[in-house]
Amino acid sequence: MRTTQADVLIIGGGLAGLCAGIDLAHAGYEVLLFEPKAYPRHKVCGEYISNEVLPYLKSLGFDPFDHGAVAISNFLWTHPDGRSISARLPLGGFGLSRYTVELELFNLAKEAGVVFITEAVVAIQSEPDGVTAKTSNGKLFYGRTGIGAYGKRSVLDKKLAREFIDEKANFMAAKWHARGSFDATLVALHNFKGGYCGVSRVEDGLINFCFIATYDVFKKHKNLKEFINLELASNPALKELLDQTDMQFEQPISIAQISFKDKPPVEAHWLMCGDTAGLIHPLSGNGMSMAIRSASLAASELKAFLKGTISRKSLMVNYENHWKSEFNKRLRMGRIAARVFAHPKASSLSLQFLKLIPGLLPFFIRQTHGKLKPKHLHNEA
Ligand SMILES: Cc1cc2nc3c(=O)[nH]c(=O)nc-3n(C[C@H](O)[C@H](O)[C@H](O)COP(=O)(O)OP(=O)(O)OC[C@H]3O[C@@H](n4cnc5c(N)ncnc54)[C@H](O)[C@@H]3O)c2cc1C
């Protein structure tokens, strides 16, 4: 039996789900958003957001700088052998914790009229005239359309038989906030064996440390503490930072089974957004922008469909094509850069090469980022 109906069902209230929800609610559509976890909450993330999404965030009513965001304009990459290279970030960005960003977007979404259902979705389907979602306590919801924004992996991926879910996901990651001295204009990427650690400032004078590593290297150690003390600290610049800062969490928060495999952006008539459609290697510092941008793209296509301007078929085809043309190149470049970072010799040679040709590093950074002006949004004037 159909219990509740809406124009749009959104599964997941991370960045992608919240932004799409606010956008669609502002346009006057009924939105039901399913998110089982309460706000605010910390998430494993580098917490550096590219400026490419600032205009869109502001259009939703969220200015990160009203909430303590720190402007970041420089990039530093250090190698375990002690060498480093730096560059100005072509577009720049800002640091703000996920704790704050999601809490503020959640408040804006509620104000805009998004209805939150605090349950996990356990099954989804497409129907000739829409989509349905079943929650953990057995309730069934119907939507004229649906967005899947449930993050990197979920039981829903298994149910949809998405290919990536059965493949080995060989990465783990952890993050913590710390206090101490660190250049506020900088986002630093410190390479170590099997991984890299991003360091940058967020609000309230805090410093965010977030590393990602292959599980093969991680599992050689007894626990996170030992891994940090032996592997992360093998990079002299990172060791100095670790020694000089005080962790503000009781212990780092961590996640495992991170996959960077391709995923289709449309499944069973659901438009997939953010990490549900594809996760870029975090060294690009651009996953959140992709999540926010894909939300804007999905909302734009959904508004056109709900207004009757395009058919259901065009909705699916347009979203898939636009998603691929916007993000496929970035994902490819992210994969290449991650492969280089994973091998000490390759990363050492690359660093040497980048040092020889000034301008090459900013060029590579641009390849994993979008432009300030999105290409494919419908004209909604
Ligand atoms: C180590 C690491 C560092 C990173 N650093 C950066 C960085 O510095 N800059 C950057 O731009 N990007 C970074 N990223 C990428 C960025 O964190 C992600 O791309 C971003 O979080 C994606 O947001 P999302 O909304 O798609 O997913 P999420 O933020 O994961 O949100 C998904 C939501 O769905 C909910 N959910 C899950 N299953 C269900 C279900 N069945 N029913 C209902 N709800 C459900 C979850 O509770 C969650 O709230 C990093 C990623 C990693 C792994």
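In this predicted model, helices α8 and α9 run roughly antiparallel to each other, because the angle between them is about 160° and angles over 145 degrees count as roughly antiparallel. Their axes lie 10 Å apart, and the crossing of α8 and α9 is right-handed.

| Helix | Residues | Contact residues |
|---|---|---|
| α8 | 287–306 | Met290, Arg293, Ser294, Leu297, Ala298, Glu301, Leu302, Phe305 |
| α9 | 312–342 | Arg312, Leu315, Asn318, Tyr319, His322, Trp323, Glu326, Phe327, Arg330, Leu331 |

The residues of this contact of α8 with α9 divide into ten nonpolar, three polar and five charged. An α-helix has 3.6 residues a turn, so residues three or four places apart point the same way.

Asparagine 321 also lies in helix α9. Asparagine 321 counts as partly exposed because its relative accessibility is 46%, a value that falls between the 20% limit for buried and the 50% limit for exposed. The C-alpha atom of asparagine 321 is separated by 9.1 Å from that of proline 265, although the two residues are 56 residues apart along the chain.

Helix α9 takes part in a further packing arrangement, with helix α11. In α11, which spans residues 360–367, the buried residues include Leu360, Leu361, Pro362, Ile365 and Gln367. The buried residues of α11 pack against α9 and α10 (344–356), and also against the strands β4 (70–78) and β5 (84–95).

How values were computed: Residues numbered from 1 in each chain as written. Predicted model: local features only at pLDDT ≥ 70, side-chain atom pairs only at ≥ 80, totals over all residues. Heavy atoms only, no water. Helix = DSSP H or I, 4+ residues; strand = E, 2+ residues; numbered from the N terminus. Buried < 20%, exposed > 50% of the residue type's maximum accessible area, 1.4 Å probe, protein only. Axes fitted to C-alpha atoms, helices over the stretch in contact; angles between N-to-C directions. Parallel < 35°, antiparallel > 145°, perpendicular 65-115°, else oblique. Left-handed = near helix turned anticlockwise from the far one by under 90°. Contact = heavy atoms within 4.5 Å. Nonpolar A, V, L, I, M, F, W, Y, C, P; charged D, E, K, R; others polar.
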